[in-house]
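Biologist: I am new to this one. Please show me the sequence and the model, and then let me ask about them.

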Amino acid sequence: MPLVSMRQLLDEAAQGAYGVGAFNVNNMEQIQAIMEAARETKSPAIVQASRGARSYSQDRFLYHLMLAATELYPEIPMVLHLDHGNSVETCKSAIAMGFTSVMMDGSLMPDGKTPSTFEYNVQATREVVETAHSKGITVEGEIGCLGGIEDGHGAGLDALSHLTDPDQAVEFVRQTGVDALAIAIGTSHGAYKFAKKPTGETLKMDRLIEIHKRLPNTHLVMHGSSSVPKDLQDIINQYGGKLKPTWGVPIEEIQLGIKNGVRKINVDTDSRLAMTGAIRKVLWEKPEEFDPRSYLKPAREAMKKVVAQRMTQFGQAGHAGDYAPISLEEMAKRYREQHVAA
Ligand code: G3H
Ligand code: 13P
Ligand code: ZN
């Protein structure tokens with residue numbers, strides 16, 4: 001099956017009342033981990049690449065690895081999504097490459113750090129929507145800013161300082177016609193999200209529920225949604241790592257989100273932790289090893305395990321065979337004819 005639009009996956013998820021994990025990749029092993037997890041759990045798959053991933057993989061390597069995935073896993077509907085596009089140009093270059101979905105993160109200026117104005121965000125996102133929809137490509141926008149310390153996205157912002165305003169969210173969707181909306185509810189990227197298990201004071205699920213009530217037909221996206229499990233932290237630290245104690249987003253809060261309009265859940269850090277722990281373990285226990293496959297294979301397996309677990313927890317497991325792919329041409333036609341709400 002060819003790469004499909006994210007809109008189709010999320011519409012199906014809304015109908016089936018489940019969520020779909022969007023997992024970040026930079027290389028072959030990570031793509032393989034996601035595809036194997038998708039096959040094992042019979043899940044549709046959203047594979048996403050950040051600007052950093054595109055540059056690390058020289059873009060085309062990643063794209064052609066995804067084409068290989070469509071050949072090797074024909075039964076899996078899969079999306080190639082641009083994560084945190086920082087400008088109209090970045091989104092357009094992803095579309096030109098063959099991505100089937102893009103995020104225009106206009107909540108920040110193109111430097112990826114400075115919070116933007118509402119007007120800038122609307123104007124940049126609208127421009128991406130016009131280009132993308134004419135080709136049947138999906139667009140995710142963001143209103144409000146995530147926290148972020150170490151990852152270059154919203155660097156330095158406190159997670160509670162730029163929560164999404166529900167009135168602005170409604171106006172943003174109306175003015176841009178985005179397919180999916182990322183909202184800020186107190187999460188941040190990376191491993192250090194919360195100093196203790198989050199409560200309603202630090203993770204604002206009530207805000208999410210309010211936004212869903214106001215925008216019942218918009219697919220909501222939760223960024224910064226790794227759960228940062230203690231067992232994965234422990235493996236890293238047991239084999240020479242130095243992670244400080246930290247908490248992520250509890251699975252039950254994500255599941256509450258899924259009951260309230262969340263259709264896409266972004267996960268990168270959990271995969272990173274799983275792979276790094278597995279690599280550390282091999283190199284610690286067998287310091288004589290120098291064949292990269294000796295640690296990349298367990299790393300791939302560890303990522304597959306956590307991704308499969310998330311696919312099951314988010315409810316997408318078992319849904320890969322529910323539907324036939326809609327071509328991008330047909331999606332473009334639907335946008336033109338407004339069959340898909342713009
Ligand atoms: O949004 C953040 C993702 O974890 C991607 O991170 O920019 O380091 O590739 P990255
Ligand atoms: P985590 O750092 O929680 O995995 O979030 C990833 C993300 O939001 C990618 O856009
Ligand atoms: Zn993100």
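Biologist: How far does a polar side-chain atom of S226 lie from an oxygen atom of ligand 2?

Modeller: This is a predicted model, where local features need pLDDT of at least 70, side-chain atom pairs count only at pLDDT 80 or more, and totals for chains, interfaces and linings use all residues. Residues are numbered from 1 along each chain as its sequence is written, chains are lettered from A and ligands numbered from 1 in the order in which they are written, and side-chain values use heavy atoms, with hydrogens and water left out. S226 is one of the residues that come nearest to ligand 2. Its polar side-chain atom lies from the ligand's oxygen atom at 2.6 Å.

Biologist: Which residues come nearest to ligand 2?

Modeller: A residue is near a molecule or strand if one of its heavy atoms lies within 4 Å of it. Around ligand 2 there are 15 residues. Backbone atoms take part too: an N or O atom of G224 lies 2.8 Å from an oxygen atom of the ligand, and a polar backbone atom of D268 is 2.6 Å from one. Those that come nearest are D83, K193, S226, D268 and T269.

Biologist: Which residues coordinate the zinc ion (ligand 3)?

Modeller: Donors are N, O and S atoms within 2.8 Å of the metal (3.2 Å for Na, K and Ca); water is not among the atoms, so sites may look incomplete. The donor spacing in sequence is H-x104-H-x33-H. At 2.1 Å, the ion is coordinated by NE2 of H84, NE2 of H189 and ND1 of H223.

Biologist: How many residues apart in sequence are the parts tied together by H84 and H223?

Modeller: Helices (H or I, at least four residues) and strands (E, at least two) are DSSP runs, numbered from the N terminus. H84 lies in strand β3, and H223 in the loop between β7 (219-222) and α9, so the pair ties together parts that are apart by 139 residues.

Biologist: Is H84 buried or exposed?

Modeller: Buried means under 20% relative accessible area, exposed over 50%, and partly exposed in between (1.4 Å probe, protein chains only). H84 has a relative accessible area of 4%, so H84 is buried.

Biologist: Which side chain does H84 join in a polar contact of 2.9 Å?

Modeller: A polar contact is a pair of N or O atoms within 3.5 Å; within protein, one must be able to donate a hydrogen and the other to accept it, and residues adjacent in sequence count only if both atoms are side-chain atoms. At 2.9 Å, the side chain of H84 meets that of D105.

Biologist: Why is the pair of F118 and F172 edge-to-face?

Modeller: Rings of Phe, Tyr and Trp (its six-membered ring) pair if their centres lie within 6.5 Å; planes under 30 degrees apart count as stacked, over 60 as edge-to-face and the rest as tilted. The search of the whole structure finds 2 aromatic pairs. In this one the centres are 6.4 Å apart, and the pair is edge-to-face because the planes stand at 65°.

Biologist: Which helices hold F118 and F172?

Modeller: F118 counts as buried at 18% relative accessibility, and F172 does at 0%. The two residues tie together parts 54 residues apart in sequence, because their helices are α6 (residues 118-134) and α7 (residues 166-176).

Biologist: Is W284 buried or exposed?

Modeller: W284 forms an edge-to-face pair with Y239, 6.4 Å centre to centre and with 70° between the planes. Y239 is buried at 10%. W284 has 52% relative accessibility, so W284 counts as exposed.
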